[in-house]
Amino acid sequence: MLDVLIVDDHPDQVASMLRTIDWASCGIAGTHGAYSGKEALEIVRRQTIHLLITDIRMPGMTGIELIEEARRLSPKIRCVLISGYSDFEYAKQAVNLNTSRYLMKPVDYDEMRDTVAALAREVLEEADTAAAYRKNMHTLRAHLPAFRSSLLAQLLAGRPLPRQLLAGKLADLDIPFRTGDPCFMFAILLSPEEGRSAYDEFLFEYGIVNIAEEMMGSRFALWHGKDDE
């Protein structure tokens, strides 16, 4: 769930918005109020704020200045600017700050609820996308040795890839080889041994790779794997 911060130098306006809107239905769990830009920044420093709703014209620090500072502290914060028709010159400055939404005074609470709900969905969708990316990267890292080994086995079996496609696969799998690089190859054949388990073979392979890296890792890039034999 998300947190929203409402900032206005009129406490009754803040209280009214906090009290009137059904924040839970918008996906908001935590609500916070501040009556100046300085007070709002203190909250942003100590609390994760996902949505910032601020009046544009406030003494001491304008809503524009507040958004600027809040973005430095929390670059992903969504900002909603409340302005009157007389604040048009102020509002033009907000374009450069990539303000998420604008609301005109007097504020329509239904419009605010819909605005907050839409921004909350954006935040959650972005979080889901980031989580999926982290999961995919974790899966890729966990399976990198198998992918690298599979590509090497494919090449050794005489199934070459077009040069551009191979170059892309080498880069994607973080293999320190480039097409056209000179290379040496050596092979180790495990003699058949009755009763040897797959785990024993894994340990043997692991040991060979470690020894090779210790002996040659300072002078050569190594790419290892198992072929069908």
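The structure is a predicted model, in which local features need pLDDT of at least 70 and side-chain atom pairs count only at pLDDT 80 or more, while totals for chains, interfaces and linings use all residues. Residues are numbered from 1 along each chain as its sequence is written, and side-chain values use heavy atoms, with hydrogens and water left out.

**Cysteines**

- The structure holds zero disulfides, a disulfide being a pair of cysteine sulfur atoms within 2.5 Å.
- The sulfur of Cys-26 has its closest cysteine sulfur in Cys-79, and because the separation is 17 Å, the two are too far apart for a bond.
- Cys-26 is buried at a relative accessible area of 5%, and Cys-79 is buried at 0%, where buried means under 20% relative accessible area, exposed over 50% and partly exposed in between (1.4 Å probe, protein chains only).

- Thr-54 belongs to strand β3, residues 51–55, and is buried, with a relative accessible area of 0%; helices (H or I, at least four residues) and strands (E, at least two) are DSSP runs, numbered from the N terminus.
- Beyond its neighbours within four places in sequence, Thr-54 is in contact with Val-7, Gly-63, Leu-66, Ile-67, Val-80, Leu-81 and Ile-82, contact meaning heavy atoms within 4.5 Å.
- Helix α3, residues 63–73, has Gly-63, Ile-64, Leu-66, Ile-67, Ala-70 and Arg-71 as buried residues.
- These residues lie on the same side of α3, because they cover an arc of only 160° around the axis, the arc being that of the directions from the helix axis to the C-beta atoms.
- An α-helix has 3.6 residues a turn, so residues three or four places apart point the same way.

**Surface patch**

- Phe-186, Ile-188, Leu-190 and Phe-204 form a nonpolar surface patch with about 380 Å² of accessible area together; patches are made of residues with over 30% relative accessible area and no salt bridge, with like charges joined within 9 Å and nonpolar side chains (Val, Leu, Ile, Met, Phe, Trp, Tyr) within 5 Å.
- Accessible areas come from the Shrake-Rupley method with a 1.4 Å probe, and for residues only the protein chains shown count as cover; a salt bridge is a side-chain nitrogen of Lys or Arg within 4 Å of a carboxyl oxygen of Asp or Glu.
- Phe-204 is found in helix α7, residues 198–216, and is partly exposed at 43% relative accessibility.

**Helix α5**

- Ala-132 sits in helix α5, residues 109–156, and is partly exposed, with a relative accessible area of 38%.
- The C-alpha atoms of Ala-132 and Ile-175 are separated by 24 Å, with the two residues 43 residues apart along the chain.
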